[in-house]
Amino acid sequence: MRLLILRSIGGIGLASTLLLSLLISPAKAQTTVFCRMTPEAISQKDSLRQAAQGGNSRAVNRYKTILRRHAQAVQRCRQQTWPQQQALWIRLYPCDVNPGALEELLDQVVNWGYNALYVETFYNGQVLLPAAENTTPWPSVIRHPNHQQTDVLADAIAKGRERGLKVYSWMFSMNFGYSYALRSDRQDALAINGQGHTSLSAHASTGSVGSTEAFIDPYSSTAKQDYRQLTQAVLRRRPDGVLFDYIRYPRGEGGASVASRVQDLWIYGPSSQQALINRATNRGAQVLLHQFLRQGYLTDSDISDSDAYRAAEGDVLWQGRSPSVSPSAPVAERRAALQEELWRLSVAHAAQGVLDFLSDAVRPVQQQGLASGAVFFPSANAVVNSGYDSRLQPWERFPSNIEWHPMAYSICGDGRCVAAEVQQVLAQATSSAQVMPVLAGGWGRTVQNHPSLEVQMAAVHRVAPSIRS
């Protein structure tokens, strides 16, 4: 069975129902509350779709006509109904190449009143590109010998637009997947922590099994080039936009969910380490950084070793900043202050890698004049006691000229906690940022303790009526 609704941005019926004819007329198609098509309209479209699949030219023409009318009806309704854009996140599978499967799915999306669709294009180490022309480091989702030329993404974009849908490509980003981590020629591109673990080996070391998440070092030129190649292949399909997910590091389990030591940071890959060392602008600073990364702390001896360069180079410097403690202060005081500064520098370096990777990913999309956006957790940038959320997702510093898609996944019976997450994001967003909340759940029912989308949307609307998507 297909899991149709992975993530949904749903609308609550705050506009009047459009009073349209029961049958499809030359000018109108019927919609109901939430801009959904009526059962009668859905039944007629289903019948025409099935007849059109049989090759009946008259049925094909009538089916295309009804698609246009339903698209117009949903568009009119959404213009009068909050939110003006309502999007659905979906994942396509090999079975979707079967005759009529994609058409049926997309018709259902329109039937439910959605006017935008986010198609998962890169996930779990595989790509939704035709196998015959896939030159990326990842295998294609559709690998059947009879469908090597099948371009499901291009088909979804074209057929979605035929139904009045905006179709975005939704892509994992810093999580390159298990297949990538298995490549012997990509080991230096993986993110590594101070214990020498990749995200896969760290997960396995806790006794957990089944993880397919393999995070890369955002400073790796190889990883960035691989991702750029993938993005260019996606852009050749001309989606309406591209959404970037997993713009972060992995979240550890238990105590590892908080990064409180430098060894907890995913900055020990060769590219990230070198980039951090390069932030030291003289030899004395490099000595301290090397020792801090290796040990996780500084010793009095490390301070003395660094001081040996002071006569020739002056005080230690990193990125133009002098230490806050005087060189004449007692060694113990200097050691504590320098240790704290290097910790903050290391955290900032890790976070900057995330921001730089996002900027690099967004650039080719914006160069083509297409919409771009980032998906994030509102809590992933949190300070936790003396440490930080291990995901280190500095979304508050994401560019304001891209869409912000906060995943408001909190669970409470009345949806107020969901609304609170949205408010948290709005409080830190600039006035120009487009905040487009992402909800988990289903219509008219509770799903994995998430209240219905109607309940969640009502809660969001009460605190943020200005949100349009």
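For my own reference, buried stands for under 20% relative accessible area, exposed for over 50%, and partly exposed for what lies in between (1.4 Å probe, protein chains only).

A note on what I am reading: the model is predicted, so local features need pLDDT of at least 70 and side-chain atom pairs count only at pLDDT 80 or more, while totals for chains, interfaces and linings use all residues. Residues are numbered from 1 along each chain as its sequence is written, and side-chain values use heavy atoms, with hydrogens and water left out.

**Entry: the partner of Asp 151**

Which side chain meets Asp 151 in a salt bridge? I found Arg 237, at 2.9 Å from N to O. The pair ties together parts that are 86 residues apart in sequence, because Arg 237 lies in the loop between helix H7 (221-235) and strand S6 (241-245), and Asp 151 in the loop between strand S4 (126-127) and helix H4 (152-162). Arg 237 is buried too, at 11% relative accessible area. The criterion for a salt bridge is a side-chain nitrogen of Lys or Arg within 4 Å of a carboxyl oxygen of Asp or Glu. Helices (H or I, at least four residues) and strands (E, at least two) are DSSP runs, numbered from the N terminus.

**Entry: other salt bridges**

I see 22 salt bridges in the structure. One of them joins Asp 46 to Arg 49, with the closest N and O atoms 3.0 Å apart. Both residues sit in helix H1 (residues 39-53), three residues apart, about one turn of the helix. Buried or partly exposed? Arg 49 is buried at 4% relative accessibility, whereas Asp 46 is partly exposed at 23%. I also traced a network of salt bridges that links Asp 46 and Arg 49 with Asp 107, Glu 162 and Arg 163.

Next I checked Arg 310 and Asp 307, whose side chains meet in a salt bridge at 2.9 Å, N to O. Here Arg 310 is partly exposed at 28%, and Asp 307 is partly exposed at 25%.

**Entry: helix H10**

I asked which residues are buried in helix H10 (residues 300-307), and found Asp 302, Ile 303 and Ser 306. They cover an arc of only 100° around the axis, so they lie on the same side of H10; the arc is taken over the directions from the helix axis to the C-beta atoms. Their cover includes helix H9 (283-295), helix H11 (310-313) and helix H12 (331-367).

**Entry: a three-stranded sheet**

I found an open, antiparallel sheet with the strand order S7-S10-S9. S7 (258-259) and S9 (383-384) are the edge strands, each pairing on one side only. S7 runs antiparallel to S10 (residues 387-389) over two bridges, where pairing requires that DSSP finds at least two bridges between two strands. The bridge partner of Ala 259 in S10 is Tyr 388.

**Entry: the chain as a whole**

Of the 469 residues, 54% are buried. Among contacts (heavy atoms within 4.5 Å) with a separation of 6 or more, 74% come from residues 24 or more positions apart.
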